[in-house]
Amino acid sequence: CDQITAFCASLERPVEVAHLDPGTAKLAAHGQELFSSVGCANCHPADLGSIEGLYSDLLLHRMGQELVGGGSYNDPPVPVPDAPDGPHPSEWRTPPLWGVADSAPYLHDGRAATLRDAIIQHGGQGQASSIAFQKLGEDDQTGLLAFLQTLRAPGAKAGAPIEAAEPVPTASPEVSAESLSIP
């Protein structure tokens with residue numbers, strides 16, 4: 001355990017990498033504010049104790065009947081009986097979002113191809129945030145997704161291609177955030 005801990009501590013930590021385009025960077029900054037206001041930060045707080053940029057409370061949360069089962073990539077959802085001394089089948093540990101822009105597919109079993117899909121599929125204790133996200137206007141949804149795409153894996157550089165399944169729209173001084181469409 002000590003050796004694994006030492007190895008993990010030696011790894012470069014994921015970082016927030018700002019978009020090079022000023023318009024997209026501004027959109028992402030607004031998206032970071034929305035991340036908190038729609039409730040995502042309730043389970044995905046930026047900092048946990050002295051660890052900055054984790055974006056997780058590392059707790060188990062009931063995510064609803066829709067996310068029961070599976071458990072590994074490409075496994076179909078299968079109802080699992082309650083274990084009397086274990087977590088409920090709908091409980092999942094809040095994954096850290098650091099590096100999320102480079103880690104598709106999403107959710108515990110990879111059923112969400114995009115960040116948007118992952119947000120929309122939140123149920124149970126995450127359902128209120130999912131609904132709040134879906135009620136946002138297109139520009140605000142795009143901004144929140146642009147913010148998530150700043151959470152890059154170690155070694156990522158500003159302007160490096162984002163491997164996630166949904167591109168961030170770019171903005172220029174001639175294009176306003178209001179004119180951007182959702183990918």
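Predicted model: local features only at pLDDT ≥ 70, side-chain atom pairs only at ≥ 80, totals over all residues.
A contact here means heavy atoms within 4.5 Å. Residues are numbered from 1 along each chain as its sequence is written, and side-chain values use heavy atoms, with hydrogens and water left out.

**Confidence and layout**

- The protein chain averages a pLDDT (the predictor's confidence in each residue, from 0 to 100) of 81, and 77% of the residues score at least 70.
- Watch residues 167-183: pLDDT stays under 50 there, and the model has 34 contacts beyond four places in sequence for this stretch.
- You get six helices and four strands, which are DSSP runs numbered from the N terminus (helices are H or I, at least four residues; strands are E, at least two).
- Read from the N terminus, the order is α-β-α-α-β-β-α-α-α-β.
- Of the 183 residues, 38% count as buried, with buried meaning under 20% relative accessible area, exposed over 50%, and partly exposed in between (1.4 Å probe, protein chains only).
- The chain exposes about 10,200 Å², and carbon and sulfur atoms supply 58% of that; areas come from the Shrake-Rupley method with a 1.4 Å probe, and for residues only the protein chains shown count as cover.

- Leucine 151 touches Val15, Glu16, Tyr55, Leu97, Gly99, Val100 and Ala101, leaving aside residues up to four places away in sequence.

- Most residues other than glycine have a negative phi, and most peptide bonds are trans.
- Tyrosine 55, in the loop between helix 3 (40-43) and strand 2 (60-62), has a positive phi of about 55 degrees and is buried at 3% relative accessible area.
- Leucine 58 sits in the loop between helix 3 and strand 2, has a positive phi near 60 degrees, and counts as partly exposed at 39% relative accessibility.
- Alanine 104 and proline 105 are joined by a cis peptide bond, with omega about 0 degrees; proline 105 is in the loop between strand 3 (91-93) and helix 4.

**The largest pocket**

- About 760 Å³ of space lies in the largest pocket.
- On a 1 Å grid over the protein atoms alone, a pocket is an open set of points where a 1.4 Å probe fits, with protein on both sides within 12 Å along at least five of seven lines; lining residues have an atom within 4 Å of a point.
- Its lining has 34 residues, and His44, Pro95, Leu97, Leu107 and His122 are the closest to its centre.
- Proline 95 lies in the loop between strand 3 and helix 4, counts as partly exposed at 43% relative accessibility, and touches His44, Tyr55 and Ser56, not counting residues up to four places away in sequence.

Note on methods
Points joined across faces, edges and corners; volume = space filled by probe spheres on them.
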